[in-house]
Amino acid sequence: MSRPKRIRKMTNPPHFKGFRPIGLQEENNPVVINYEEYEAIRLCDFELLGQVDASKLMDVSRPTYTRIYESARRKVAQAFVLGKTIVFEGGKVYFDSEWYACNYCGCWFNHPAKDEEIQKCGLCGSTDIAQYEDETLTNSIVNNNCNT
Amino acid sequence: MKIAITSVGNSPNSKLDSRFGRCSYFVVYDTETSSTEYIPNPYKENVEGAGPASVELIAKRGVKKIVSGEFGTKVKSLTDSLQIQLIILKNPEQSINEIIEMLKH
């Protein structure tokens, strides 16, 4: 029996279900992009992280990260060329919700209901909120780089 | 929606307890009925595992938000999977009444 997959860590899943090509009538069988593949594309091409840093954020090895990323890119290309629908679904992941800070009442809060977009402070209802930078996470990446 | 607030005492004028798992009382405030309930924390003197046990206690009451001064390392993964929001207040001088007023926004 093969070794079980390591559970990939991710911060926020997409808050929509997928994409549909414009101008095509029929919905042929969709391309299913896993949450881990979505996260791989987000880290590498949206946050512009290197694969080493991105793999640490997802808590997998660098070669595994590359495999996930490659599979994600191939699925996106398939959907583009063949005009297929993209659906975000499944994947072996666990969620690590991020922290937000409210500039009005000064509290910190997290947001576990990932499929809804965060809009206001959980305590005072103010919309003056900002994502809180996780220093410990950034520090641990810096430390890991020093060690290697 | 029910919101739990950690408290040092069992009156509305008590201050926020800055620790979650080993606070003295949990105040469960219901936004629909504006009622409050004071629950003494049975895990206050626990050597270990007070945080997860407290989460279980208040999750059974259908709480969706927890307000406290700080949370232990075991709490966040549990509340993430239970879809409970954590709110950290760094100002320990606020009373339960003041926090409930803020929640009414």
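In which order do the strands of the open sheet of chain A lie? The order is E2-E4-E3, a sheet of 3 strands with mixed pairing. The model is predicted: local features need pLDDT of at least 70, side-chain atom pairs count only at pLDDT 80 or more, and totals for chains, interfaces and linings use all residues. Residues are numbered from 1 along each chain as its sequence is written, while chains are lettered from A and ligands numbered from 1 in the order in which they are written.

**View 1. Elements of chain A.** Chain A contains 4 helices and 8 strands, where helices (H or I, at least four residues) and strands (E, at least two) are DSSP runs, numbered from the N terminus. Of its 148 residues, 22% count as buried; a residue is buried if 20 or more other C-beta atoms, placed from the backbone, lie within 10 Å of its own.

View 2. Strand E2 (18-19) and strand E3 (31-33) of chain A are the edge strands, each pairing on one side only; two strands pair if DSSP finds at least two bridges between them. E3(A) pairs with strand E4 (residues 86-88) of chain A in the parallel sense over 3 bridges, and Ile33(A) has Phe88(A) in E4(A) as its bridge partner. Helix H3 (residues 62-82) of chain A lies across E3 and E4 of chain A and runs at about 150° to E3(A). Axes are lines fitted to C-alpha atoms, for helices over the stretch in contact, and angles run from 0 to 180 degrees between N-to-C directions.

**View 3. The side of chain B that touches chain A.** In this interface, 16 residues of chain B are in contact with 15 residues of chain A, contact meaning that the C-beta atoms, placed from the backbone, lie within 7 Å. Strand E4 (63-68), helix H2 (75-81), strand E5 (85-88) and helix H3 (96-103) of chain B each give two or more residues to this side. E5(B) provides the largest share, 4 residues. Strand E7 (residues 108-110) of chain A pairs with E5(B) in the antiparallel sense over 2 bridges, and Phe109(A) stands opposite Ile87(B).

**View 4. Surroundings of Ser7(B).** Ser7(B) belongs to strand E1 (residues 2-7) of chain B. This residue is buried because 27 other C-beta atoms lie within 10 Å. Not counting residues up to four places away in sequence, Ser7(B) touches several residues, including Leu16(B), Cys23(B), Val27(B) and Ile96(B).

Definitions and conventions:
A residue is buried if 20 or more other C-beta atoms lie within 10 Å of its own, exposed if 12 or fewer, and partly exposed in between; C-beta atoms are placed from the backbone. Two residues are in contact if their C-beta atoms, placed from the backbone, lie within 7 Å.
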